[in-house]
Amino acid sequence: MNSQCSAIVIALFFSIFAATAQATTIRPPNVVLIVVDDLGWADLGCYGSTYYETPNLDRLAAGGVRFTQAYASCAVCSPTRASIMTGRYPTRTGVTDWIRPLLGNDIIEQDVRDAPAYVGDHNRMLLTPRVVRWMERGEMTIAELLNNAGYVTGFIGKWHLGPTSWFPEDQGYEFNVGGCSFGQPPHYFDPYPAKHQPMSLPNLPPRVEGEYLTDREA
């Protein structure tokens with residue numbers, strides 16, 4: 001994707017686990033799922049965009065399947081991601097808004113313990129459900145299903161479905177490259193600085209100063 005696009009690209013990749021496979025066994029296909037935050041349906045060349053240049057994705061679309069009546073389950077990042085991971089509507093997972101990052105499990109536990117079921121006061125006409133802080137580990141994710149089918153699963157890039165102990169490796173992924181609680185990276189160029197912690201992106205240590213984040217994750 002053109003580096004001028006402001007969307008954050010996450011790549012979910014799945015490679016085949018074939019340690020016990022025989023030569024005569026038909027291998028299932030590799031699966032690559034790319035999720036782009038805030039991407040409009042007409043923002044890719046293959047869907048008619050003349051502004052954004054997306055030659056690689058256009059090439060994938062030309063050799064694969066293109067959906068013309070598919071809809072996001074929510075207009076917000078975390079609920080949509082939870083739906084993709086589980087195949088369930090946001091109301092089923094409890095993730096109905098973007099997840100605010102919290103620092104320290106003690107703060108998280110206290111926050112959940114004391115939080116009311118609904119949020120609002122007498123100045124608001126409607127109460128809203130309490131915003132959860134993570135996607136529950138008890139959810140069955142696409143990674144767990146693929147693991148059961150013999151795949152090796154990995155996650156690259158933005159996760160935004162919970163803090164430490166709710167990262168991709170806690171939700172069925174065997175490898176995690178950069179997936180954490182951040183809704184966006186602290187910076188797009190190495191060393192990816194963050195004011196609130198020494199190492200800005202867990203599982204993605206800096207490599208070459210000035211390296212673009214997408215190139216680092218590729």
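Leucine 60 lies in helix H1, residues 55-62; helices (DSSP H or I, at least four residues) and strands (E, at least two) are numbered from the N terminus. The model is predicted, so local features need pLDDT of at least 70 and side-chain atom pairs pLDDT 80 or more, while totals for chains, interfaces and linings use all residues. Residues are numbered from 1 along each chain as its sequence is written, and side-chain values use heavy atoms, without hydrogens and water.

Leucine 60 counts as exposed because its relative accessibility is 54%, where exposed means over 50%, buried under 20% and partly exposed in between (1.4 Å probe, protein chains only). Together with Val32 and Ile34, Leu60 forms a nonpolar surface patch with about 280 Å² of accessible area.

Helix H2, residues 77-86, is largely enclosed by the rest of the structure, because eight of its ten residues are buried. These are Ser78, Pro79, Thr80, Arg81, Ala82, Ser83, Met85 and Thr86. After H2 comes glycine 87, with a positive phi near 75°.

The largest pocket holds about 1,600 Å³ of space. Its lining has 38 residues, and Ile34, Val35, Leu39, Leu44 and Tyr47 are the closest to the centre. Strand S2 (31-36), H1 and H2 each give two or more residues to this lining, and S2 gives the most, with six. A pocket is an open set of points on a 1 Å grid where a 1.4 Å probe fits, with protein on both sides within 12 Å along at least five of seven lines; lining residues have an atom within 4 Å of a point.

Technical notes: Patches are made of residues with over 30% relative accessible area and no salt bridge: like charges are joined within 9 Å, nonpolar side chains (Val, Leu, Ile, Met, Phe, Trp, Tyr) within 5 Å. Accessible areas come from the Shrake-Rupley method with a 1.4 Å probe; for residues, only the protein chains shown count as cover. A salt bridge is a side-chain nitrogen of Lys or Arg within 4 Å of a carboxyl oxygen of Asp or Glu. Grid points are joined across faces, edges and corners, and a volume is the space filled by probe spheres set on the points.
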